[in-house]
Amino acid sequence: QVQLVESGGGLVQPGGSLTLSCAASGSILSINAMGWYRQAPGKQRELVTTITAGGNTNYADAVKGRFTISRDNAKRTVYLQMNSLKPEDTAVYYCTVRAWVESTIGLTDYWGQGTQVTVSS
């Protein structure tokens, strides 16, 4: 029904920057919230940031001031600009979309396949 394709992960040195993208496609009627989570080795998945349909944003304390989420509604795409990256930002990053989908009642959450971000010198 809904496919999320992520891109932009990779290896970056501490202090560097990366931009992640996540494009949604499929039987989408309307997208509500979009966001990013991450999971480091041996740790639980944690919220990084979210953005509502109206553009309101929420950030985890660990990334405030360094990461910026944005969305392009026409392209059904969410972005994560990551600056001043630290080794502790190393994780698999997952995008998530909450949407109204054809033949489905109510809002449903969908997840991307994940993209690896490694911060290391």
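**Exercise 1.** Is aspartate 89 buried or exposed in this predicted model?

*Solution.* Begin with the relative accessible area of aspartate 89, which is 1%. Next, recall that buried means under 20% relative accessible area. Since 1% falls under that cut-off, aspartate 89 is buried.

**Exercise 2.** Find the salt-bridge partner of aspartate 89, and describe where the two residues lie.

*Solution.* The partner is arginine 66, and the closest N and O atoms of this pair are 2.7 Å apart. Arginine 66 is itself buried, with a relative accessible area of 11%.

**Exercise 3.** Which residues are linked with aspartate 89 in a network of salt bridges?

*Solution.* The network links Asp89 with Arg66, Arg38 and Glu46. Within it, arginine 38 forms a salt bridge with glutamate 46, whose closest N and O atoms are 2.7 Å apart. Arginine 38 is buried at 7% relative accessible area, whereas glutamate 46, at 38%, counts as partly exposed.

**Exercise 4.** Which residues make the nonpolar surface patch, and how accessible is leucine 29?

*Solution.* The patch, of about 290 Å², is made by Leu29, Trp100 and Leu107. Leucine 29 lies in strand S4, which covers residues 28–39. Its relative accessible area is 55%, and because exposed means over 50%, leucine 29 counts as exposed.

Definitions and conventions
Residues are numbered from 1 along each chain as its sequence is written. This is a predicted model: local features need pLDDT of at least 70, side-chain atom pairs count only at pLDDT 80 or more; totals for chains, interfaces and linings use all residues. Side-chain values use heavy atoms; hydrogens and water are left out. Patches are made of residues with over 30% relative accessible area and no salt bridge: like charges are joined within 9 Å, nonpolar side chains (Val, Leu, Ile, Met, Phe, Trp, Tyr) within 5 Å. Accessible areas come from the Shrake-Rupley method with a 1.4 Å probe; for residues, only the protein chains shown count as cover. A salt bridge is a side-chain nitrogen of Lys or Arg within 4 Å of a carboxyl oxygen of Asp or Glu. Helices (H or I, at least four residues) and strands (E, at least two) are DSSP runs, numbered from the N terminus. Buried means under 20% relative accessible area, exposed over 50%, partly exposed in between (1.4 Å probe, protein chains only).
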